[in-house]
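Please look over the sequence and the structure shown here before reading on.

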Amino acid sequence: MKTRITELLAIRHPIVQGGMHHVGYAEMASAVSNAGGLGIITGLTQRTPADLAREIARCKELTDKPFGVNLTFLPSVTPPDYPGYVRVIIDSGVKVVETAGNNPQAYLPALKEASVKVVHKCTSVRHALKAEAIGCDAVSIDGFECGGHPGEDDIPNMILLPRASEELKIPILASGGMADARSLVAALALGADGMNMGTRFIATKEAPVHDNVKAALLAADERDTRLIMRPLRNTERVLINAAVERVLETERQRGAEITFEDVIDEVAGVYPRILQGGEMDAGAWSCGMVAGLIHDIPTCEELIDRIMSEADELIRGRLAGLI
Ligand SMILES: Cc1cc2nc3c(=O)[nH]c(=O)nc-3n(C[C@H](O)[C@H](O)[C@H](O)COP(=O)(O)O)c2cc1C
């Protein structure tokens, strides 16, 4: 399949693995890239730019295919060394960056000069238009279904993708709720040029997470996610567990008075304990509604090959047969 995304990112299949904190290590990114998609290392999971440089080097040992790095711009009192991370990305010869969170404008000139393609992930048409205006090469549009931060507009991809494609000229990756060939074909029909998956890639053999995490995804259905931190305007879609119940109870009790400090124990610094330690009630962790569509733990290659061959059957068989 050839789309504007396969052309732009120089990949075989129009499938990207979104940056995921404490999941997007070299093992994950290289497995997706080796399978013909675009794997992405999560920049901020590496504590310093030097650590990121080592992780990129490790990924290069595991694949000779293109892979990307995610840079998430968080609102923060003491921000990470973003210029340092950008420098490492450029110096390591990485060719794709997935930016997310705040506007990446400050870093675009340096990235462009180094011919790094910038895919900005955002959750609304207005932010996607802004990304296009400042020179991003593509956008990844995260619908309301997505695991992680869906923003505050609550527009599902059935509306968000066609709206985005009405307005944008740059290529679009459909993100949020994508799991299989049906998602890919639907995303293309809605105006996207490819799809980005987060949660689905955690349920693969190569994902460097504890087996308890994969088991939790298999057990979960589409009703098992919750939105937390909405009163803080930092909404996150997470898998329900004891810690999430506590956060929701605190939100009910504190109402408009709530501050980040009230939920910090459940949401800050908990990822390693959950994702690597397998302590499934240690805190809140991002997970998409798409958990309801996850029924097995294939390798990344099996997953991507299955998506592409079933997409072919869907388009040539079922859809063409309707006409
Ligand atoms: C465990 C987990 C951690 C994530 N961490 C990040 C992150 O650090 N930065 C980021 O931009 N997106 C992050 N995301 C969002 C994904 O990159 C992707 O946009 C999202 O998962 C797509 O929705 P889906 O889960 O329905 O596929 C995370 C998602 C998950 C499930």
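## A kinked helix

In this predicted model, helix α14 carries a kink of about 35° that is centred on L314. The helix covers residues 300–321, which makes 22 residues, and from its first C-alpha to its last it reaches 30 Å, a span close to the 32 Å expected at 1.5 Å a residue.

## The buried residues of α14

Several residues of α14 are buried, namely C300, L303, I304, I307 and A311. The cover over these buried residues of α14 includes the strand β1 (15–17) together with the helices α2 (26–34) and α8 (181–189).

## Positive phi in two loops

D154, which is found in the loop that runs between β6 (138–142) and α7 (157–167), has a phi near 60°, and this is a positive value in a residue other than glycine. D154 counts as partly exposed because it has 13 C-beta neighbours inside 10 Å, while a residue is classed as exposed at 12 or fewer and as buried at 20 or more.

R233 lies in the loop between β9 (225–228) and β10 (236–239), and its phi, near 55°, is likewise a positive value in a residue other than glycine. Is R233 buried or exposed? Because R233 has 9 C-beta neighbours inside 10 Å, it counts as exposed.

Note on methods
Residues numbered from 1 in each chain as written. Predicted model: local features only at pLDDT ≥ 70, side-chain atom pairs only at ≥ 80, totals over all residues. Helix = DSSP H or I, 4+ residues; strand = E, 2+ residues; numbered from the N terminus. Expected span 1.5 Å × (residues − 1). Bend = angle between axes of the 7 residues up to and from the residue. Contact = placed C-beta atoms within 7 Å.
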